[in-house]
Amino acid sequence: MLPILAHAAAAPSGATQVFLLPPGTTALPEAAVGDLSAAARTYAETALAHDQTLVPLNHFSHQHYYVVLADKPTADQVLEALRRSGHQLHGLLKAARVTEVFIQNLADEPAGALALAEGLALTAYQFEGYKTDEKSRQAPALTTVNLVGDAATETQVAALQGLLQGVALARDLVNAPVNKLNAEQFAERMAAAGDEAGYTTDILDLARIEALRMGGLLAVNLGSPEPPTFSILEWKPANAQNAKPYVLVGKGVVFDTGGLSLKPTPNSMDLMKCDMAGGAAVAGTLYALAKNQVPLHVIGLVPATDNRPGGLAFVPGDVITMHSGLTVEVKNTDAEGRLLLADALSFAKKYDPELVIDLATLTGAAVRAIGTEGSAVLGTAGAPTVQLLHAAGHRTHERLVEFPLWDEYADHIKSDIADLSNLGKGEAGHISAAKFLERFAEGYPWLHLDIAGPAFLTAPDNYRGKGGTGVGVRLLYEFLTKQLTN
């Protein structure tokens, strides 16, 4: 659930307004004074002179807020500071039970109002959840965020709304528990989102997955009482500017017990409804692209199942034959995500893609390496592509740390009896996992994003909130839309 973003020609009299001011402002510009009394103006200017960067003024019937643009070394850091100011602002608006706000940009940063609104809206996101008491089910007070005049164009506001709806979709999917979102329900939710936004969805059922010999997906699903799905999401507008599609692959493990290599519950298995965050990010990205009519041909692949120890569950020591024909010795059933992804990466070759990017909550090693502050990136795409993805990461503050795929890491996944082992050594686990995927990502440029750290947060963190963050949607949208200008 998000507030509506809208464009307004002007703020009506008596409205709650937010004024974005240049760095170092101590005297209010006349455009920011409005109906202030002399005493109120003095109060605001005194606060600004003492370096207060968010100044609230309560007129009882309405409020004024003054947000000072941060003086940062780069434009990307300025925008991130504004998103964080949006988070702060939301706390004040919530306390005052403001329902509608009007943002005016009096600073020199053209994207300033958009970034402020982005942080505000992402903070205001609320997962509807399953509580039954009346207070918990009340809708948030803030319903509308207006960007006034030349703070942003109507087109820019609509595009931001479409993008944030994609993030909200991803968050909603990640926050849903497995008894409300099994593999079939996950596929149906992605298809319903496609019907709303404009992309198409083809859901492969068990019989079609078996016909394609997707041994990785089928093996992981063996212990589940419910069938797997393999969803193909496609956004292909008539005016697409790319001759070959971009393919996004998302891990869709709707719940991961670890299988027979059972996870411990505290701080591990109890969080594993989020193990489909990669698939959710793919759905959210396709939603945003379609909603905003971005002229790019993009395909999303989401293999989905839960990973359980029941029934005929696969066991350590099993050898499975993948969609590509390679054989894999299972050393650990909790290294299951790479098995699903490997089948999808092999399947992606049929599209002769321009680039394939996969996203997955794949390894604890990535979390230990860089925490929740960023994602690991590895792959075979050339340096210019990686640099563009890094730039998108800085622009959206969904930052990436690049790790190597040196030949020596292939030794980590050798098997005595099969082509590969699904488990590497104790060290460099996120690298050996990517090295495993590399064997299946052949014939096209490929990048792997291990989003295990930032995908799901156990405590609130600024505008990223608590729970599913929707990480990957803003990053991929920024990266893909920039392809239109490169």
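1. Asn175 lies in helix 4, and, leaving aside residues up to four places away in sequence, Asn175 touches Tyr125, Phe127, Lys273, Phe456, Gly467 and Gly468, where contact means heavy atoms within 4.5 Å.

2. The model is a predicted one, in which local features need pLDDT of at least 70 and side-chain atom pairs count only at pLDDT 80 or more, while totals for chains, interfaces and linings use all residues. Residues are numbered from 1 along each chain as its sequence is written, and side-chain values use heavy atoms, with hydrogens and water left out.

3. Helix 4 (residues 154-175) and helix 8 (residues 277-291) have axes that come within 8 Å and cross at roughly 155°; the axes are lines fitted to C-alpha atoms over the stretch in contact, and angles run from 0 to 180 degrees between N-to-C directions. The two helices, helix 4 and helix 8, are therefore roughly antiparallel to each other, given that angles over 145 degrees count as roughly antiparallel, under 35 as roughly parallel, 65 to 115 as roughly perpendicular and the rest as oblique. Helices here are DSSP runs (H or I, at least four residues), as are strands (E, at least two), numbered from the N terminus.

4. On the side of helix 4, the residues making this contact with helix 8 include Gly162, Leu163, Gly166 and Ala170, and on the side of helix 8 they include Ala277, Ala281, Gly284 and Tyr287. By class, the contact of helix 4 with helix 8 has eleven nonpolar, four polar and one charged residue, with Ala, Val, Leu, Ile, Met, Phe, Trp, Tyr, Cys and Pro counted as nonpolar, Asp, Glu, Lys and Arg as charged, and the others, Gly among them, as polar.

5. The axes of helix 3 (residues 112-124) and helix 4 come within 11 Å and cross at roughly 30°, and helix 3 and helix 4 are therefore roughly parallel to each other. Among the residues in this contact are Leu114 and Glu118 of helix 3 and Leu160 and Arg171 of helix 4, and the contact divides into eight nonpolar, one polar and two charged residues.

6. An open sheet of three strands has the order 12-13-17, with mixed pairing, and its edge strands are strand 12 (319-321) and strand 17 (420-421), each pairing on one side only. Strand 13 (residues 327-329) runs parallel to strand 17 and is joined to strand 17 by two bridges, pairing being assigned if DSSP finds at least two bridges between two strands.
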